[in-house]
Amino acid sequence: MAKIVLAGGTGNLGSLLIPMLRAREDDIVVLTRHRMIKHHPQVQFVKWDGRTMDDWVDEIEGADVLINLSGASINRRFTAKNKSLLRDSRVIPTQTLGNAVQQLARPPKLWINFSGVSIFSRAAQIQDEYGNHYADSFLGELAKDWEQAFSDIELSSTKKLLLRMSPVLSKQSGMFKELLPLAKWGLGGQVGSGEQMISWIHEDDFVRLIEWILDAEGIQGILHGCSPHPVSNKEFMRALRQASGRSFGLPLPRPLAKVGALIKGVDPSLLLDSVPVTSFLTIEKGFKFNFPYIQPAFNQLVNSTT
């Protein structure tokens, strides 16, 4: 049994992790901006704003692991206001947690801070944990600022692990949940040229990866939370159609993709930019993916939703 603190743990990723942590009989503290009702004896919700020191700091004292999941969803238009929101929701909580951990007598043994594989968006070649072809796009700069905030925090008694996450294919939310109905309706064709790369991870592998990190000893540095096999948008959509039993999907040309993104209220780069990222150190250090390839991943998700 361990004490695990999830900062920003009421979002999509937190909802995937909490059942696993409960099954391990860990004590779970969720730092949240929202007022939550306690629903399980192992899960405690503590109010914080991600900016100011308050009583929540005491909850990190003596914790085994701190996991920072804070960050507003990128599924929005990249206006000046939204860019500021996205940056502040990542950088400021990271800095605030760092200030808190530095003042503790018994700091966490491990701090896992999330980042995004979009730090490599538009890269010409596939990037692993040793890659340095960082993007100059907004999402690339956002990830770099987030990682720099984490890197700047000096801790002598806490191991630090930076986990660059790809989109999680989940039945509950996100890319898969939105695309599956479109594929079933015959609208699951390629977007734009279809050549842009997509990095991804199955929800089960995401949960297993976090559990593996919790059980491993001495892991720190940078890991990638994505399948070792990124695929083109064309292959991604073809695999989804096959899993959903559709042989045809109406393609979405680039101009229409831009219009559709604006209507949906998201930035077109989320549909059109290539994110060619793989996992190397994650595998080298001993993690084994149950779903390294896209077709079996989609097959399992589709079958488990029917």
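A crossover is right-handed if, with the strands pointing away from the viewer, the path from the first strand over the helix to the second runs clockwise. The views below are taken from a predicted model.

**View 1. Strand β5 and its two parallel neighbours.** Strand β4 (residues 65-68), helix α3 (residues 80-102) and strand β5 form a β-α-β unit of the right-handed kind. A right-handed β-α-β crossover also takes the chain from β5 to β6, by way of helix α4 (residues 138-151). Four bridges pair β4 with β5 in the parallel sense. On the other pairing, β5 runs parallel to strand β6 (residues 159-165), and seven bridges join these two. L110 of β5 has V65 opposite, and the bridge partner of L110 in β6 is K159.

**View 2. The two faces of β5.** Strand β5 covers residues 110-116, and seven of its seven residues are buried. On one side lie L110, I112, F114 and G116, and on the other W111, N113 and S115; both faces are covered. Outside four places in sequence, the residues that I112 touches are V65, L66, I67, N68, L161, L163 and I213.

**View 3. The largest nonpolar core.** In soluble globular proteins, nonpolar side chains tend to be buried together. Here the largest nonpolar core holds 36 residues, and L6, I67, I112, F114, F206 and I210 have the most contacts inside it. Two or more residues of this core come from each of β1 (3-7), α1 (12-23), β2 (27-32), β3 (43-47), β4, β5, β6 and α6 (203-215). Helix α6 is the element that gives the most, with seven residues. There is also a second, separate core of 20 residues, with A7, V29, L31 and L97 among them.

**View 4. Aromatic pairs.** The whole structure contains 10 aromatic pairs. One of them is W48 with W56, an edge-to-face pair with 5.1 Å from centre to centre and 75 degrees between the planes. Both W48 and W56 are buried. The pair of F120 and Y134 is stacked, because the ring centres are 5.5 Å apart and the planes stand at 25 degrees, and planes under 30 degrees apart count as stacked. F120 and Y134 both lie in the loop between β5 and α4, so their pair ties together parts 14 residues apart in sequence. F120 has 0% relative accessibility and therefore counts as buried, whereas Y134, at 39%, counts as partly exposed. Elsewhere, F176, F236 and F298 are linked into a cluster by ring pairs.

**View 5. Charged side chains over rings.** R90 lies over the face of W146, with 5.1 Å to the ring centre. K160 has its charged end over the ring of F150, at 4.7 Å from the centre of that ring.

**View 6. L104 in the loop between α3 and β5.** L104 belongs to the loop that joins α3 and β5. The relative accessible area of L104 is 12%, so this residue counts as buried; the cut-off for buried is under 20%. V57 and L104 are 47 residues apart in sequence, and their C-alpha atoms are 8.4 Å apart in space. Leaving out residues up to four places away in sequence, L104 touches V57, I60 and E61.

**View 7. S232 in strand β11.** S232 is part of strand β11 (residues 231-232). With a relative accessible area of 15%, S232 is buried. Beyond its neighbours within four places in sequence, S232 is in contact with G194, E195, Q196 and M197.

**View 8. Two non-glycine residues with positive phi.** E25, in the loop between α1 and β2, is a residue other than glycine with a positive phi, near 65 degrees. R122 is not a glycine either, and its phi is positive at about 70 degrees. The loop between β5 and α4 holds R122. R122 counts as partly exposed because its relative accessibility is 49%, and the range for partly exposed ends where exposed begins, over 50%.

Key
Residues numbered from 1 in each chain as written. Predicted model: local features only at pLDDT ≥ 70, side-chain atom pairs only at ≥ 80, totals over all residues. Heavy atoms only, no water. Buried < 20%, exposed > 50% of the residue type's maximum accessible area, 1.4 Å probe, protein only. Pairing = 2+ DSSP bridges. Phe/Tyr/Trp six-rings, centres within 6.5 Å; stacked < 30°, edge-to-face > 60°. Lys NZ or Arg CZ within 6 Å of the ring centre and 35° of its normal. Core = buried A, V, L, I, M, F, W, Y, C linked by side-chain atoms within 4.5 Å. Contact = heavy atoms within 4.5 Å.
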